[in-house]
Amino acid sequence: MDKSTPDAIPASEGLVAVIHRNCESKSLDYKGSMIWSEQDKKACCELTKDILAMANTDGGYIVIGVAEADSGFRLDGVTPDQAGKFESSRVCRFVQNYADPPVHVRVMKV
């Protein structure tokens, strides 16, 4: 993450390992770079569907900014503007509209 993203946190070794695992599983899903915008309901619902699927198992991670490549996955990251749009309260509010019971969603920017 670019240093111009003020709410970015240092990545722990465990989180870095998750990001660089280079294979998806039921508890890890990669998504290409995107921006969170409630105006793009299709994209928000697609991400919400994945969040709810993980909530119905043991939870997990969805890493935004990782694209599929011929040899697996490629870490592209996100721009500071894209990262800025992923605010925990906005994402949680949107997800809770589709969740019963409510699910715990945490947005971490590294």
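**Close-up 1. The side chain of K109 reaches the backbone oxygen of F86 at 3.1 Å.** This is a predicted model. K109 sits in the segment after α4 (88-96). K109 counts as buried because its relative accessibility is 9%, and buried means under 20%.

**Close-up 2. A salt bridge links K49 and E46.** Their side chains meet at 3.2 Å, N to O. Both residues belong to helix α2 (residues 41-55). They are three residues apart, so about one helical turn separates them. K49 is partly exposed, at 47% relative accessibility. E46 is partly exposed too, with a relative accessible area of 38%.

**Close-up 3. D76 pairs with R74 in a salt bridge.** The closest N and O atoms are 2.8 Å apart. D76 is partly exposed, with a relative accessible area of 42%. R74 is also partly exposed, with a value of 42%. Elsewhere, salt bridges that share partners join D29, K31 and D50 into one network.

**Close-up 4. D29 and K31 meet in a salt bridge.** The N to O distance between their side chains is 3.4 Å. Both D29 and K31 are buried. The structure holds five salt bridges, this one among them.

**Close-up 5. C92 is in no disulfide.** A search of the whole structure finds zero disulfides. The cysteine sulfur nearest to C92 is that of C44, 13 Å away. C92 is buried, with a relative accessible area of 19%. C23 is partly exposed, at 40%.

Note on methods. Residues numbered from 1 in each chain as written. Predicted model: local features only at pLDDT ≥ 70, side-chain atom pairs only at ≥ 80, totals over all residues. Heavy atoms only, no water. Disulfide = S-S within 2.5 Å. Buried < 20%, exposed > 50% of the residue type's maximum accessible area, 1.4 Å probe, protein only. Helix = DSSP H or I, 4+ residues; strand = E, 2+ residues; numbered from the N terminus. Polar contact = N/O pair within 3.5 Å; in protein donor to acceptor, adjacent residues only side chain to side chain. Salt bridge = Lys/Arg side-chain N within 4 Å of Asp/Glu carboxyl O.
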